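Here is a short report for a reader new to this structure. Please keep the sequence and the 3D view at hand.

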Amino acid sequence: MNTLPQQLANGLLLGSMYGLIAIGYTMVYGIVQLINFAHGEIFMTGAFGALTVYFYILPDGTSMAIAVPLMLIGGALVAILIAVGAERFAYRPLRGAPRLAPLITAIGLSLALQEVVRNFYPGADRARAFPGLDATHDIGSITIKDADIFLILAAVVCMAALAIFVRRSRTGRAMQATAQDPDTAQLMGIDTNRIIVIAFAIGGFFAAVAAVAYGLKYGNVDYRMGFLMGLKAFTAAVLGGIGNIYGAMLGGVVLGIAETLASAYIDEIPGMNQLGGQSWANVWAFCLLILVLLFRPQGLLGERVADRA
Amino acid sequence: MTALLEVEDLRVSYGKIEAVKGISFSVEAGQVVTLIGTNGAGKTTTLRTLSGLLKPTSGKISFDGKPLSGVPAHKIVALGLAHSPEGRHIFPRLTIAENLQLGAFLRKDKEGIEKDIQRAYDLFPILGERRKQAAGTLSGGEQQMLAMGRALMSQPKLLMLDEPSMGLSPIMMQKIMATIAELKSQGTTILLVEQNAQAALSLADQGHVMEVGNIVLSGTGQDLLHDESVRKAYLGED
């Protein structure tokens, strides 16, 4: 069960989830230089949006083949609404304010969203069951669940679509221009406010996809699930080079694999036999972040800081 | 007939500091009008206000018969006012071709856009040779050409150029000035901000000298070129 290929697959899956969430951090940062610390909670509300569709809207016994797409739509609607609402009512009024103001707002918003879900969503104060996709498949020495297949397919499709959108579409081009030079983008006739809203919405959508995958894979969700996942995804974004969408995905995968391998094998190194296992996984993940910040502060795919105008 | 651009008693402030203190001038269609003056005179602030990046505290701007107050920057371009900003501000990580396409962001006529991109390459052949290259790899002068070409892509009724010769070698400066002269001969209306007063005034139909937020002297380009106070202050004569 715990062969190296299995561990690599586990890491890749976890990393894809980090990468999907990291897109939201990196796109928003790339365009408005804001670390949206409430993004983990946007991920969490996406999970509850999907859960609502499953338990309160769909009739009992709906097949998962129908339920999952509808849950994705429900989760995405909630996450996008909250992400765009946060931009419009919390961050936009603070544009031009000192950097600290939107940062504190983001942290406040993050706590507020957690508390709203904890207090008002039935049963959300502890882990709530989420429908799982638990059927397993053996591929060589690797065992994966249906939920894993959903996750990897969703991540690949979303990333490919995003890359094409940013590179080829008119709006994507406008997005790149706004990220590179917002004032000049306006001089081209680009409505930069609209571009910012789109960046938040895409981030919300990707977070909701990750949230549905999370629920299907782990079988439960709770109001605090966004905290650690958000922090890890933020780490992935920084690791890959914040502002770079390919960096976010690469950073996610690198982080997921590093964390999984470290918790599986580090205790085999002489003298480190106490430091393995799941309980140390977060320690190794954040150690990796520290190393990257020390030796390659721009991240794996980040532009050299001097290139930024 | 009213002028294409009319500015009346325009005032602009950064917080408590007033950078433009009530200036009035106009630009007729087909004219080249220049604003000259030292750093901090308020020339760039004036252009940034005209294109909507800054909000005036008071005064009237009308362009092509329509008031510009309250119109956001991205809609002003659509009215036919293009701005090539100070410091060029090309998009460094996009290619030259992509930069030019962004200049035509609001246009829908694909064929017309292609034609105008070709025109920009004819005007500045170096841009055509490097069309697939990231704009950030161009030299300063080439970036200036790109910024001008990009501004022209919106088919503006009025082209505003802010310090097009800034930081360029004398040869490159001559080239840029020659291009502005060529655009003028093709009938392009231009509002030119320059620190190279000699070159700007030789080209201009009308010139205004700005000092600390005010227009202190106005006249035809030739008049100002021969004005003694202008020669002393801006053309480096004793």
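What is the order of the four strands in the open sheet of chain B? The order is 2-1-4-5, and the pairing is antiparallel. Strand 2 (17–27) and strand 5 (66–67) of chain B stand at the edges. Each has a single partner strand, so one side of each is left without a neighbour in the sheet. This is a predicted model.

Helix 1 (residues 43–50) of chain B lies across strand 1 (5–14), strand 2 and strand 4 of chain B. Helix 1 of chain B runs at about 70° to strand 2 of chain B.

Next, confidence. Chain B averages a pLDDT of 94, and 99% of its residues score at least 70.

For the complex, the predictor gives an ipTM of 0.94 and a pTM of 0.93.

Now the two chains together. In chain A, 15 residues are in contact with 19 residues of chain B. Helix 6 (170–180) and helix 7 (182–187) of chain A each supply at least two residues of the side that touches chain B. Helix 6 of chain A gives the most, with five residues. By class, this side of chain A has six nonpolar, five polar and four charged residues.

Technical notes. Residues numbered from 1 in each chain as written. Chains lettered and ligands numbered in written order. Predicted model: local features only at pLDDT ≥ 70, side-chain atom pairs only at ≥ 80, totals over all residues. Pairing = 2+ DSSP bridges. Contact = placed C-beta atoms within 7 Å. Axes fitted to C-alpha atoms, helices over the stretch in contact; angles between N-to-C directions. pLDDT = per-residue confidence, 0-100. Nonpolar A, V, L, I, M, F, W, Y, C, P; charged D, E, K, R; others polar.
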